[in-house]
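Colleague: Could you walk me through this one slowly, please? I am still new to reading structures.

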There are 2 protein chains.
Amino acid sequence: MEVWRISLKDFSYSVGNTPPSWERLGGRGLIARILVDEVDPTCEPLGDNNKLIFSPGLLTGFMLSSCDRLSIGGKSPLTGGIKEANAGGTTGLKMSYLGIKTLIIEGIPEGSDWWIIHASKNGIRFEKANDLVGVGVYNTANALIKNFGNKIAISLIGQGGEMKMGAAGIQNLDKEKTPSRIAARGGLGAVMGSKRIKAIVFDSEGGEKPSLSNEIEFKNAQKEYTKALMAHPQTKIYADYGTNAMPSLSHPFGAIPTRNFSAGQFEDIEKINGDFMRDLLLSRGGESETTHACMPGCTIRCSNVYGGEDGKTIVSPLEYETVGLMGSNLGINDLDMIARLNYEVNDLGLDTIEIGAALGVAAEAGILEFGDGLRALEIIKEIKQGTALGRVIGNGAVVTGKVFGVTRIPAVKGQAMSAYEPRAIKGTGVTYATSPQGADHTAGLTIRAKVDHLDPSVQAEVSKKAQINMAGYDTLGACIFAGFGFASVPDVVRDLINARYDWHVENDFLQVIGKETIALEREFNKQAGFTKADDRIPEWMTKEPLPPNNSVFNVSKEDLDTIFDWI
Amino acid sequence: MEVWRISLKDFSYSVGNTPPSWERLGGRGLIARILVDEVDPTCEPLGDNNKLIFSPGLLTGFMLSSCDRLSIGGKSPLTGGIKEANAGGTTGLKMSYLGIKTLIIEGIPEGSDWWIIHASKNGIRFEKANDLVGVGVYNTANALIKNFGNKIAISLIGQGGEMKMGAAGIQNLDKEKTPSRIAARGGLGAVMGSKRIKAIVFDSEGGEKPSLSNEIEFKNAQKEYTKALMAHPQTKIYADYGTNAMPSLSHPFGAIPTRNFSAGQFEDIEKINGDFMRDLLLSRGGESETTHACMPGCTIRCSNVYGGEDGKTIVSPLEYETVGLMGSNLGINDLDMIARLNYEVNDLGLDTIEIGAALGVAAEAGILEFGDGLRALEIIKEIKQGTALGRVIGNGAVVTGKVFGVTRIPAVKGQAMSAYEPRAIKGTGVTYATSPQGADHTAGLTIRAKVDHLDPSVQAEVSKKAQINMAGYDTLGACIFAGFGFASVPDVVRDLINARYDWHVENDFLQVIGKETIALEREFNKQAGFTKADDRIPEWMTKEPLPPNNSVFNVSKEDLDTIFDWI
């Protein structure tokens, strides 16, 4: 696998070997390594010293169920620290077919033109994209497919990234060519926008599946893994309900964000949860699908297609985080409305978690009423127009709070929390507080741990384990749900890796790379100026009791400060 | 002198003795001590754990020329670190007549009412201020004088503070009862707004001048100091031209911010400098005054009254920092327009430096054209209205840059630079970078140092000396210009202090308290999460050459990191 490197300063590129210290990393871990090696942690995230990095995971390339994810990284304009965001879809797969271990994009082009980067077996070429400026993600993807053919993968930004908004992510095509698989968090779309790259097209024509060191062993391990995954009860649940099965877990715990994180249960939960959604989609039929794979070969198929009354697609997929942040968190009880909001935010190439949280903060300031979906749609239209209000919201919850004088902001390190209340699922609160990535459930969700989620004394250990495992999965290119399989047959990770690479890793490989990744990320953040003062849940959540448990976040500072003491 | 302490939680107050470790501090130094002793450095600046502190300087109370300043402090919502901002006017004097060494305001009141705090020899009482909400600083001051009599001092906020804007300061009456003496920087007006205090009225009826340990020695020292001050050539210049004498120094150095810090000289400098202004005001007559004292007893009288063509006051005073940030920095060459902008920003209770810098960043984003004063006025009107754009600008340069995707932001630690280009006066750049207060010329201006301002190798030493002295002066309650006198006869500081307090300090007292102050401030900031990564001039200023010198900021990181090694 090769290192592809683009310099936008002179539109040159190079293809080179992978340095030894990068060899055994991929995805999130490789991004951390490259950022520590090559990027000044104090640099301006939107300046020409930041780099935008695309790295498939170590296992990406084989349509192994839930294991073809792509990590994207750089210094975050939202958090000011290290950032990796990953996505499903087809980009990771196509990159691996081109033999790209990592694509590093450096510099900012002179002038004011916008660009498309085209990567294929013939190398890199650049095309102007000025006609796509101001065009949403869906139409941009269609135009690119029309232009470059049906077999490409695309990473692209919407108007949010063009306007360098802190909530801007990078969208990728799913296997039906819908550009909905977003590397959402931390503003990497703004980094791409700062470099005036509208899209990167990966044409794997002439490429091939990465080589395997031992094909038979790989197949055997794959079989064992897939079997374990299929046997896991959660797989069936996610296939039936998608990620929106989650309210059946989070709501009873009192952990679903409601009206800007002022309650943990929503009175209209039955109108937005997975049961309701499944019944609705089944009854509506048409283009609706209750189960759908975002990546080829996925056996979980937690994605869906949300169709309206007329059976036509409103958005695909509609996921729990969006239902939580743009539904209950905004007091909106209408799934059709949530789906419309989701579509519009997707089209702008923005993170629904960050935008939902920002709208919640704005509602607290009286900019909209909780429950008023039409007003929320209007505000999202303002984001597209680039009005002052639109740009405020597009820059996320913390900027919105600052501008409107709201202190009840649900964010850590500048990044909004996902749809798990840290006062009700305190282990996930520990993850929010201490993850080098800022508040993010995918950095270490603990809701399924068999502990009392309200007991502060046990959470650091639970979060630590989850964070290490997740950093490992993100380095493998494995989806958070791949863990349902890997957790049942943990040795399979070792077997897959050794069969893929002819390495001789032990069965703690997942934890080894997870720990290495977090250590690198902590190192970058330390140099960027982060301290333990940044590893905190917002003060108000330590004082304001959350109904219905009336709990506050009270994991000790000592626990937060010592969680990474193994580094 | 006593410690007055108000708890807004239950509207109680106490008057107590000064703890021994607070005795020998006043003003800025005492604020640092109190914040380190009592405020959690990680607290939410607009939350109920932050405190708002008013402390006259050690020498305040005697109408000693330029030495009656008041320091106001708290944790800054703009920088997230320690904040002291000081002001002239009459508040410090009246507080000292009431025997108040420091007034500490704690908590946030329940409910939604706004309040006036009334302090007198009878203690503290609270009155509702709901009828003054949304009223500008000038009308609020008039209403309070009408209500509470002509002999009061007032500290008050405008709509900016009510809206908890990061650029909101706290205004104080000058000796003509004009509420124009602003503790401007760092958003302390927002802290006052977060506590829903519209104004604090100090009625010194029945109070008296603080006691002197040795009146004769004090008078002798005062005489010597005043003589030295009067003899200094700069005193005459400031009496004639006000602080707007400064362009005659900064412009030749290529150090006046122009069009969002993109040049160091302004082609229309002759239309906005001190010569032009003086001639204009003399020819206009009427209420115009070229020299005016902000504090009773000041012999420098650097303030002025800027009258329009009809002789009526547009604003008082018009100062260099405003001319720099809202004039050349916005490409505006019309003093009448600058004066109007100044008046409107004053009325909102906002910092003209921060607002000027924010407008410069907004101009870079195309929100206004450079040179378009009427558009700038419109935007300031939007601040008053609390529109999204208005609130963005009111939150200062960094928020404005984030919202509009501009990276050329002239700020350090979240606070905008004053009207001295750090690439042309690099010692002041070192001050901007390293001061615990964030970018601020009053923390250590070096433009008068006899060094090559472009030579990076000598600046740390120059800045260090200036920062220590200024922290000392701010602790004494001495204006930056008092230094013209004290620098000529340094032993006078010792003599004044010993005659005032019956202490036995040495002639390095200024530096002793200056160093102690900075050490305390650094300690607070360290606990708040600041590191050397925060002690930096923005990256773009280290790369973009500034005309006409075509210099970049290139003082070494090592010099920046070791400047406080004596701590």
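**A helix and its surroundings**

Modeller: Let me begin at the end of one helix: α20(B) is followed by B:Asp502, whose phi is positive, near 60°. Helices here are DSSP runs of H or I with at least four residues, and strands are runs of E with at least two, both numbered from the N terminus. This is a predicted model, in which local features need pLDDT of at least 70 and side-chain atom pairs count only at pLDDT 80 or more, while totals for chains, interfaces and linings use all residues. Residues are numbered from 1 along each chain as its sequence is written, chains are lettered from A in the order in which they are written, and side-chain values use heavy atoms, with hydrogens and water left out.

Colleague: How many residues of helix α20 of chain B are buried?

Modeller: Eight of its 11 residues, numbered 491-501, are buried, so helix α20 of chain B is largely enclosed by the rest of the structure. Buried means under 20% relative accessible area, exposed means over 50%, and partly exposed lies in between, using a 1.4 Å probe and protein chains only. Among the buried ones are B:Val492, B:Leu496 and B:Tyr501.

Colleague: And what covers the buried residues of α20(B)?

Modeller: The cover includes α7 (215-231), α18 (459-476), α19 (482-488) and α21 (509-528) of chain B.

Colleague: Changing topic, how many residues of chain A are in contact with chain B?

Modeller: On chain A there are 29 residues in contact with 29 residues of chain B, where contact means heavy atoms within 4.5 Å. The two chains bury about 2300 Å² between them, 53% of it on carbon and sulfur atoms; buried area is the accessible area (1.4 Å probe) that two parts lose on being put together, summed over both. In chain A, the residues that lose the most area to chain B are A:Lys402, A:Val403 and A:Glu539, together 22% of what that side buries.

Colleague: How many salt bridges are there across that interface?

Modeller: The rule finds four between chain A and chain B, a salt bridge being a side-chain nitrogen of Lys or Arg within 4 Å of a carboxyl oxygen of Asp or Glu. One of these pairs joins B:Asp48 to A:Lys543, with the closest N and O atoms 2.5 Å apart.

Colleague: Which helices of chain A supply at least two residues each to the side that touches chain B?

Modeller: Those are α15 (388-394), α16 (396-404) and α21 (509-528) of chain A.
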